[in-house]
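Subject: Structure handover

Hello,

Here is the structure for you to look over. My notes follow below it.

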Amino acid sequence: MKENDPIRIFKARSHLKKTLAKELKTEFEDVLKATEDQGEYSIDLKAQGKRALHNIALDYLGSLREPEVMKQCLETVREGRNMTEVLAALNVLAATDSEERDIALATFYDEWKENNLVILKWLGIQAIAPREDALQIVKSLIEHESFDMTVPNKVRPLRSEALRSGFLTGRVCLTFRYTLFSEDLLPTTLDTTVVVRRATILWPTKSCDWTSSTHRSLREWRNLSLCGSSTNPKYRR
C-alpha cells in the first residue's frame, strides 16, 4: 500500500483553505460580523455554536495573512471579551510572521503568566502553529521561564499539541522527541516518577524511525519502577 505523504497533504490542505478564504472572503467577513459577541457572555449551546462559527471564519480569513485581519486579531488578544475568542485570535497570529504575532504572544503572557492552566494553552498554541520553524520554536519554549521539564503537564502541551497537529513528522518528529529526552535536559535530581511519566507521553509511535541508541535510552527510562530501581544510579530516588 502506498504510504501517505504528510507534508504534501498539509500543503494541499493549506492551499485549499486559502483558496476558499479568497473566493469566499465576503461571505466569511459577513459571518465574522454577524457572530460578534456583543451581549452578555453565555454558555448555552447557541452561544457556544456562535463563537465556534466566529472562530472558524476568523481562521479562514487569517490564512490570507492580510494586515487588517492581523490587526483585528491583535485587538482581540488585547481586548477580547472571553478566552475562547482570545485564544482563537492568538492561534491565527501564532502561524504568521507578522509583527502582531510577537506583540500578541508577549501581551498574553504578561497578562496570564501567573495562571499555569492558561500558560499551558500559550505553550500549546505556539507548538501547534503550522510553521517551517516549528521545531526551533519548540526548542525555544523549552528554554522559556514558564517551562519546567520536571512538570509533565508542561511537557505535554509541547509534545502532544505539536505531534497531534501532524506538522512535526518523520525526522523532525524524531529530533523533537530526542530533544525533550536528551541527557543535558534531564536534571540529576529528577524524580523517577517524573521520568516514567515523561517516557509515557513521549513513547514513540509507528510514524517515527528511531535510532537504536535513542530507543534504548528511552526504554530504560520507561522501564524504571516507581520505587526508584534503575541500572543507572543517576536516576535513582
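This is a predicted model: local features need pLDDT of at least 70, side-chain atom pairs count only at pLDDT 80 or more; totals for chains, interfaces and linings use all residues.

First, a definition for the burial terms: buried means under 20% relative accessible area, exposed means over 50%, and partly exposed lies in between, with a 1.4 Å probe and protein chains only. Residues are numbered from 1 along each chain as its sequence is written, and side-chain values use heavy atoms, with hydrogens and water left out.

Overall picture

The protein has twelve helices and zero strands. Both are DSSP runs numbered from the N terminus: helices are H or I with at least four residues, strands are E with at least two. Of the 237 residues, 42% are buried. A contact means heavy atoms within 4.5 Å. Take the contacts between residues at least 6 apart in sequence: 59% of them join residues at least 24 apart.

Core

A nonpolar core is a set of buried Ala, Val, Leu, Ile, Met, Phe, Trp, Tyr and Cys residues joined through side-chain atoms within 4.5 Å. The largest one here has 36 residues. Leu90, Phe108, Trp122 and Leu158 have the most contacts inside it. Helices α2, α3, α4 (67-79), α5 (83-94), α6, α7 (116-128), α8 and α9 (152-164) each supply at least two residues of this core. The largest share, seven residues, comes from α5.

Helix α8 (residues 134-142) has Ala134, Leu135, Ile137, Val138, Leu141 and Ile142 buried. Seen down the axis of α8, these buried residues fall within an arc of 160 degrees, so they line one face of the helix. The arc is that of the directions from the helix axis to the C-beta atoms.

Aromatic rings

Rings of Phe, Tyr and Trp (its six-membered ring) pair if their centres lie within 6.5 Å; planes under 30 degrees apart count as stacked, over 60 as edge-to-face and the rest as tilted. The count comes to three aromatic pairs. One of them is Phe28 with Tyr60, stacked at 4.8 Å centre to centre, with 10 degrees between the planes. Phe28 lies in α2 (residues 25-34) and Tyr60 in α3 (residues 45-62), so the pair ties together parts that are 32 residues apart in sequence. Phe28 is buried at 15% relative accessibility. Tyr60 is partly exposed at 23%.

Phe108 and Trp112 also pair, tilted, at 6.4 Å centre to centre and 35 degrees between the planes. Both lie in α6 (residues 99-112), four residues apart, about one turn of the helix. Phe108 is buried at 1% relative accessible area, while Trp112 is partly exposed at 27%.

Tyr60 has a charge over its ring too: Lys17 lies over the face, at 5.9 Å from the ring centre. The rule asks for NZ of Lys or CZ of Arg within 6 Å of the ring centre and within 35 degrees of the ring normal.

Asn55 lies in α3 and is buried, at 15% relative accessibility. Asn55 and Glu85 are 30 residues apart in sequence and 6.8 Å apart in space, C-alpha to C-alpha.

Best wishes
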